[in-house]
Amino acid sequence: MARNPLKSLKIRTKRVANVKTGRLRLNIFRSNLHIYGQIINDVEHKTLAAGSTKALKLGNGGNIEAATAAGKALGEAAKAKGIEKLFFDRESADHKYKYHGRVAAFVEGVRETGVAV
């Protein structure tokens with residue numbers, strides 16, 4: 001299926017508008033074994049902080065407890081860099097995740113550190 005350039009433009013415009021209002025993008029990738037998160041500045045095209053269950057070297061990174069721990073680690077890294085506000089990007093590249101299960105646990109872990117999502 002071909003990509004829709006107008007949809008891509010709409011998503012890109014929304015991301016840049018959020019960055020201009022002071023919110024950076026929280027991007028999440030979920031695999032069967034691990035969950036990964038990044039904080040991205042779309043204006044400068046840079047990743048500011050990243051956290052994952054793989055980086056924490058958890059035995060089983062595919063459960064809700066591990067996702068919460070990884071979210072807390074990313075939240076602490078964000079606080080250390082002075083990042084206070086984020087927005088959760090559901091439509092990143094080819095992946096669309098519902099706010100449910102491990103993804104929700106990851107975001108809640110970030111929120112528990114005091115970062116507004």
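Okay, let's start with Lys 57, which counts as exposed at 73% relative accessibility; exposed here means over 50% relative accessible area, buried means under 20%, and partly exposed is in between, using a 1.4 Å probe and protein chains only. Before I go on, this is a predicted model, where local features need pLDDT of at least 70, side-chain atom pairs count only at pLDDT 80 or more, and totals for chains, interfaces and linings use all residues. Residues are numbered from 1 along each chain as its sequence is written, and side-chain values use heavy atoms, with hydrogens and water left out.

So where is Lys 57 found? Look at the loop between strand 3 and helix 2. Helices (H or I, at least four residues) and strands (E, at least two) are DSSP runs, numbered from the N terminus. The phi of Lys 57 is positive, near 55°, and this residue is not a glycine.

Now over to His 45, in the loop between strand 2 and strand 3. Its phi is near 55°, again a positive value in a residue other than glycine. His 45 is exposed too, with a relative accessible area of 68%.

Next up, helix 3, residues 102–112. Here 8 of the 11 residues are buried, so the helix is largely enclosed by the rest of the structure. Among those buried residues are Arg 102, Phe 106 and Val 110. And what do the buried residues of helix 3 pack against? Strands 1, 2, 3 and 4, plus helix 2, where contact means heavy atoms within 4.5 Å. After helix 3 comes Gly 114, with a positive phi near 105°.
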